[in-house]
Amino acid sequence: MANIQQITLYTAKICPYAHRVEIALNEAKASFKSFQIDLQNKPEWYAPKVNPASKVPAIAYGGPDVPPETPSPDSTKLAESLPSPDSTKLAESLVLVEFVADLFPQSSILPTDPVLRAQARFFIEAISTKFTPSYGGFVLRGDSYENVLQGIDAIQPLLPEPGKFAVGDQFSVADIAIAPFIARLFLAAQHDIGKYEAGDGHKLLSALAAPKFAKFNAYKTLVLERPSVIATFDNVGFKLFVPI
């Protein structure tokens with residue numbers, strides 16, 4: 001194992017991208033500090049001292065043991081350096097997940113087998129282009145729930161048989177990439193909260209109960225029962241944040 005230095009995670013419980021890194025650190029059983037960034041009222045020091053893009057997630061690695069709100073210039077800041085579209089932000093969160101995987105190889109977050117690693121990256125590409133955009137469109141912008149069904153239908157062929165994770169028996173970066181979005185989608189739909197028309201959340205859940213989505217539902221249950229996902233998901237805070 002590498003000589004692990006101090007880790008400080010700058011995150012926000014409402015952010016699914018930051019949630020990815022929290023899951024990874026939990027899976028790795030890493031010792032780290034965490035600082036919640038209020039995305040509506042960001043600290044003045046955050047952009048100049050941690051992340052010039054003023055986004056989460058970000059990690060400060062190494063340096064002296066200091067409070068997260070007074071980051072040391074001697075620590076390495078791992079974050080995007082310039083403002084960028086969501087696609088770059090998405091990639092950044094997965095870079096940090098892979099950074100955690102490299103620090104803690106015993107966690108098996110990143111498959112060592114080249115085939116499984118390639119499969120994980122294909123899976124991530126698919127959810128990034130098919131599933132996560134439909135989640136954001138439905139919950140945050142009020143697009144049709146039919147788009148979510150289409151997104152799930154598109155990724156179902158990549159899902160394993162019931163009882164397995166995205167690329168086999170081991171929970172990996174592929175599952176970490178999608179878990180925060182599944183958790184938020186189903187919580188929003190169950191409580192019918194979001195920018196969509198009242199009742200559409202329940203309509204989505206009814207549609208997903210169809211036999212054609214059995215593989216996705218089995219995978220969803222497996223992922224949401226993962227201890228690292230449960231431990232890091234603030235469902236109360238998310239319900240307060242989601243616009244209605």
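How are α5 and α7 oriented to each other, roughly parallel or roughly perpendicular? The axes of helix α5 (residues 145-155) and helix α7 (residues 200-208) cross at roughly 30 degrees. Angles under 35 degrees count as roughly parallel, over 145 as roughly antiparallel, 65 to 115 as roughly perpendicular and the rest as oblique. α5 and α7 are therefore roughly parallel to each other.

This is a predicted model, in which local features need pLDDT of at least 70 and side-chain atom pairs count only at pLDDT 80 or more, while totals for chains, interfaces and linings use all residues. Residues are numbered from 1 along each chain as its sequence is written, and side-chain values use heavy atoms, with hydrogens and water left out. Helices (H or I, at least four residues) and strands (E, at least two) are DSSP runs, numbered from the N terminus.

**Helix packing**

- The axes of α5 and α7 come within 9 Å. Axes here are lines fitted to C-alpha atoms, for helices over the stretch in contact, and angles run from 0 to 180 degrees between N-to-C directions.
- The crossing of α5 past α7 is right-handed. The rule: left-handed if the near helix is turned anticlockwise from the far one by less than a right angle, right-handed if clockwise.

**The sheet**

- An open sheet is built from 4 strands in the order β2-β1-β3-β4, with mixed pairing. Two strands pair if DSSP finds at least two bridges between them.
- β2 and β4 are the edge strands, each pairing on one side only.
- On average, neighbouring strands of this sheet are turned by 20 degrees against each other, direction ignored.
- β1 and β3 run antiparallel and are joined by 4 bridges. Y10 stands opposite A58 in β3.
- β1 and β2 run parallel and are also joined by 4 bridges. T11 stands opposite Q36 in β2, and the bridge partner of L9 in β2 is S34.
- β1, α1 and β2 make up a right-handed β-α-β unit. Right-handed means that, with the strands pointing away from the viewer, the path from the first strand over the helix to the second runs clockwise.

**Burial of β1**

- Strand β1 (residues 7-11) has 5 of its 5 residues buried, so it is largely enclosed by the rest of the structure. Buried means under 20% relative accessible area, exposed over 50%, partly exposed in between (1.4 Å probe, protein chains only).
- I7, L9 and T11 point one way from β1, and T8 and Y10 the other way. All of them are buried.

**Salt bridges**

- The count comes to 8 salt bridges. Each is a side-chain nitrogen of Lys or Arg within 4 Å of a carboxyl oxygen of Asp or Glu.
- E27 and R226 meet in one of them, at 2.8 Å, N to O. E27 lies in helix α1 and R226 in the loop between α8 (214-224) and α9 (227-232), so the pair ties together parts that are 199 residues apart in sequence. E27 is buried, at 14% relative accessible area. R226 is partly exposed, at 21%.
- K33 and D65 meet in another, at 2.4 Å, N to O. K33 lies in strand β2 and D65 in the loop between β3 and β4 (76-78), so this pair ties together parts that are 32 residues apart in sequence. K33 is partly exposed, at 26% relative accessibility. D65 is exposed, at 61%.
- D169 forms a salt bridge with K164, where the closest N and O atoms are 2.6 Å apart. D169 is exposed, with a relative accessible area of 61%. K164 is partly exposed, with 35%.

- Most residues other than glycine have a negative phi, and most peptide bonds are trans.
- The peptide bond from V56 to P57 is cis, with omega near 5 degrees. P57 sits in the loop between α2 (46-49) and β3 (58-61).
- K29 is not a glycine, yet has a positive phi of about 55 degrees. K29 is in the loop between α1 (16-27) and β2 (33-36). K29 counts as exposed, at 75% relative accessibility.
- S108, also a residue other than glycine, has a positive phi near 60 degrees. S108 lies in the loop between α3 (86-103) and α4 (114-139). S108 counts as partly exposed, at 29% relative accessibility.
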